[in-house]
Amino acid sequence: MDIVHDGAGVRVQLCGTFAVELAGRSHADDFASRQARLLFAFLVLNRPQPMPRDVLVDALWGDAPPAAAANALTVLISRLRTALGADLIRGRAELAIVLPEPAHVDVDRAVAALHRAESAVAARRWDRAWYASLAALFVSRRTLMPGADAEWLEGWRRRLADVRLRALECYAQTCLGIDHSELPAAQRSARELVELAPLRETGHLLLMRALAAGGNEAEALACYGRLRLILAEELGTEPGPAVQRYYQQLLH
């Protein structure tokens with residue numbers, strides 16, 4: 001978690017290695033407690049909505065809070081205020097974090113980048129789609145708050161996993177749309193998509209297209225065969241119309 005608090009706002013990274021920098025000074029030691037990091041992440045991801053203390057207790061300890069959970073929460077809040085300043089951590093009965101604008105939070109930026117990528121792909125603006133899809137992938141490939149375990153975190157991790165899949169789709173489509181030199185990248189991203197979500201037909205279709213565009217139509221047909229087998233075994237269905245149409249194109 002990287003925080004850079006300067007005249008240009010704040011930067012927060014919740015995915016990957018935990019680190020905190022405020023006004024050019026590292027605050028990593030102030031977040032030695034996993035619970036302090038978890039509390040900060042929860043407030044950041046739910047900002048600016050104020051959170052009642054009982055909700056915060058549940059976010060930190062779930063169904064098994066310690067006997068002195070209220071006191072433990074008060075200590076954590078005090079540590080956050082000491083580390084970051086009372087101007088960022090506001091409220092008493094209900095708590096909210098207020099980040100100076102512009103506030104750059106990696107999770108938010110990944111979601112926004114995905115939306116830009118999908119819009120650019122729809123408009124066939126490959127230059128914009130390329131940068132936006134890679135920006136979304138850069139964040140979504142990392143683990144959100146590694147080492148932490150909480151039900152609400154799993155919800156955010158699932159959301160980021162979906163961002164990753166959709167960003168891979170955008171990136172593969174973009175590489176196919178740019179020129180022949182990007183076909184290896186299209187194949188790599190499509191293969192990653194197939195590995196992550198084998199029942200997601202889009203990945204198989206993109207891989208078929210990338211292989212065929214590179215002159216490997218036999219492998220593209222084999223890819224179709226593998227998809228058909230997976231769907232039959234797992235779901236008892238056939239590939240959808242889009243895949244079927246492309247398969248027929250390959251045959252002819």
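Partly exposed means a relative accessible area between the cut-offs for buried, under 20%, and exposed, over 50%. With that in hand, welcome to a few close-up views of this predicted model.

**View 1. The largest nonpolar core brings together 45 residues.** Look for L14, L39, L144 and W152, which have the most contacts inside this core. Several elements each supply at least two of its residues, among them β2 (9–12), α3 (69–84), α4 (106–122) and α6 (151–178). Helix α1 gives the most, with nine residues. In soluble globular proteins, nonpolar side chains tend to be buried together.

**View 2. L144 has contacts from several parts of the chain.** Setting aside neighbours within four places in sequence, L144 is in contact with L14, C15, L45, V107, L153, W156, R157 and L160. Elsewhere, a second, separate core of 35 residues includes L114, L193, A210 and L250.

**View 3. F42 and W152 form one of three aromatic pairs in the structure.** Their ring centres are 5.0 Å apart and their planes stand at 70°, so this pair is edge-to-face. Because F42 lies in helix α1 and W152 in helix α6, the pair ties together parts that are 110 residues apart in sequence. F42 is buried, with a relative accessible area of 8%, and W152 is buried too, at 15%.

**View 4. Y224 and Y247 make a stacked aromatic pair.** The rings are 3.8 Å apart, centre to centre, with 10° between the planes. Y224 belongs to helix α9 (residues 217–234) and Y247 to helix α10 (residues 241–251), so the pair ties together parts 23 residues apart in sequence. Y224 is buried, with a relative accessible area of 4%.

**View 5. R166 and E118 meet in a salt bridge.** The distance is 2.8 Å, N to O. R166 sits in helix α6 and E118 in helix α4, 48 residues apart. R166 is partly exposed because its relative accessible area is 23%, between the 20% and 50% cut-offs. E118, at 27%, is partly exposed as well. Salt bridges that share partners join E118, D162 and R166 into one network.

**View 6. R141 forms a salt bridge with E192.** Their closest N and O atoms are 2.6 Å apart. R141 lies in the loop between α5 (126–140) and α6, and E192 in helix α7 (residues 183–196), so the pair ties together parts 51 residues apart in sequence. R141 is partly exposed, with a relative accessible area of 41%, whereas E192 counts as buried at 17%.

Methods: Residues numbered from 1 in each chain as written. Predicted model: local features only at pLDDT ≥ 70, side-chain atom pairs only at ≥ 80, totals over all residues. Heavy atoms only, no water. Core = buried A, V, L, I, M, F, W, Y, C linked by side-chain atoms within 4.5 Å. Buried < 20%, exposed > 50% of the residue type's maximum accessible area, 1.4 Å probe, protein only. Helix = DSSP H or I, 4+ residues; strand = E, 2+ residues; numbered from the N terminus. Contact = heavy atoms within 4.5 Å. Phe/Tyr/Trp six-rings, centres within 6.5 Å; stacked < 30°, edge-to-face > 60°. Salt bridge = Lys/Arg side-chain N within 4 Å of Asp/Glu carboxyl O.
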